[in-house]
Amino acid sequence: MITTLQEKESAGFTWIDVENPTPNELNDIALKYNLHYTSVQDCLEPDHLPKYEVIDDVVFIIARIYDQNAKADELNINGLTRKIAIFSADGLVITIHRSPQPFLHHLQDRCAAMKHSPGRFQLLALIMDKVFMSYENPIAKITELLEFYEDRMFLKNRLPNLLQHFYQLKRKSSTLRRTILVSRDIINKLGENLKGPIMQDLKDTYVEVETHLDQLIESASNLTATYISLASQKTNEVMRVLTIFSVFFMPLTFIVGVYGMNFENMPELKTPHGYLVTWLVMIIVTIIVYFWFRRKKWL
């Protein structure tokens, strides 16, 4: 589907929005507007990373916008984001994407309603600002999930597979941050050609998204480390209890083992009160071990 927005003012431009084009349609657009062959080929690659390049006075940008319909278990760039290819020349803007991007239509309406049309690089900055703002929703969801899992982590009945949940959230945050990070060159190149409040808003949005993602990665790492520490502490507590029980029964087992031997010349076997004395010795040993543990503050 091809949508064309024609600005009539002398400072205006023609905006062509192309959704899910066929290779033939892309070739027709490339021939009509003299677009470079390699750039058109990049439009056909769904997993291409963000970039900014200039070929024959035509600015070519590939941006990755967050896919609001991405599955919860998606962890890679291609599964979490969708590509938008942008060509910009004097008086012309072409946006190419596979899936519907409603924000482009809203931005077209906004430009059409402006008293003065935005310039070439101003429009690119507005598009990139909306691209970066698309990451705010997943950031909010990841933050909410981390807070939920953090509360559940300290309960007696924990949720199963908490460590797996932490890993997935950390991996997703890292993937989004890498996508933002490789987009930094676009900001820098646009900043060389554009100054003013629109560019400053774009930089502020970028820094805000990058900062939030850094915080999410750090929070997920800290929660993972805390969970592992709690699991180790619980294991140590179990081992401590088992060790205490083994220390209690160690001397008792020794005594029982000695008198369980079937030798005929054992002098204690003929003692009238040997059975009672043996029990008393075992009880005294148990009491001594108990108070020794209390003195060491192990009980």
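Helix α6 spans residues 136-153, and E136 has its place in this helix. That makes a handy starting point for a walk through this structure, which is a predicted model.

**A negative patch**

E136 is partly exposed, with a relative accessible area of 35%. On the surface, E136 gathers with D201, D204 and E208 in a patch of negative charge. Helix α9 gives the most to this patch, contributing three residues.

**Aromatic pairs**

Now to the rings. The model has 10 aromatic pairs in its count. One of them joins F166 and Y227: the ring centres are 6.3 Å apart and the planes stand at 75°, so this pair is edge-to-face, since planes over 60 degrees apart fall in that class. Which parts of the chain does the pair of F166 and Y227 link? F166 sits in helix α7 (residues 162-182) and Y227 in helix α9 (residues 197-259), so the pair links distant parts of the chain, 61 residues apart. Are F166 and Y227 buried or exposed? Both F166 and Y227 are buried.

Another aromatic pair is formed by Y290 and F291, and this pair is edge-to-face as well. Here is how the two pairs look side by side:

| Pair | Centre to centre | Angle between planes | Type |
|---|---|---|---|
| F166 and Y227 | 6.3 Å | 75° | edge-to-face |
| Y290 and F291 | 5.4 Å | 80° | edge-to-face |

F166 and Y227 also belong to a cluster: ring pairs link them with F148 and Y149.

**A nonpolar patch**

Y290 counts as partly exposed, at 34% relative accessibility. F291 has a relative accessible area of 52%, so F291 is exposed, as the cut-off for that class is over 50%. In the fold, F291 is found in helix α10, which covers residues 274-295. Y290 and F291 are members of a nonpolar surface patch that also includes Y275, W279, I283 and I287. Together, the residues of this patch have about 670 Å² of accessible area.

**A loop residue**

Our last stop is D56. Where does D56 lie? D56 is in the loop between strand β3 (51-55) and strand β4 (58-66). With 68% relative accessibility, D56 counts as exposed. D56 and N34 are 22 residues apart in sequence, while their C-alpha atoms are 9.3 Å apart in space.

Methods. Residues numbered from 1 in each chain as written. Predicted model: local features only at pLDDT ≥ 70, side-chain atom pairs only at ≥ 80, totals over all residues. Heavy atoms only, no water. Phe/Tyr/Trp six-rings, centres within 6.5 Å; stacked < 30°, edge-to-face > 60°. Helix = DSSP H or I, 4+ residues; strand = E, 2+ residues; numbered from the N terminus. Buried < 20%, exposed > 50% of the residue type's maximum accessible area, 1.4 Å probe, protein only. Patch = residues over 30% accessible without salt bridge, like charges linked within 9 Å, V, L, I, M, F, W, Y side chains within 5 Å. Areas by Shrake-Rupley, 256 points an atom, 1.4 Å probe, with all protein chains shown as cover. Salt bridge = Lys/Arg side-chain N within 4 Å of Asp/Glu carboxyl O. Lys, Arg positive; Asp, Glu negative; His and termini not counted. Charge placed at Lys NZ, Arg CZ, Asp CG, Glu CD.
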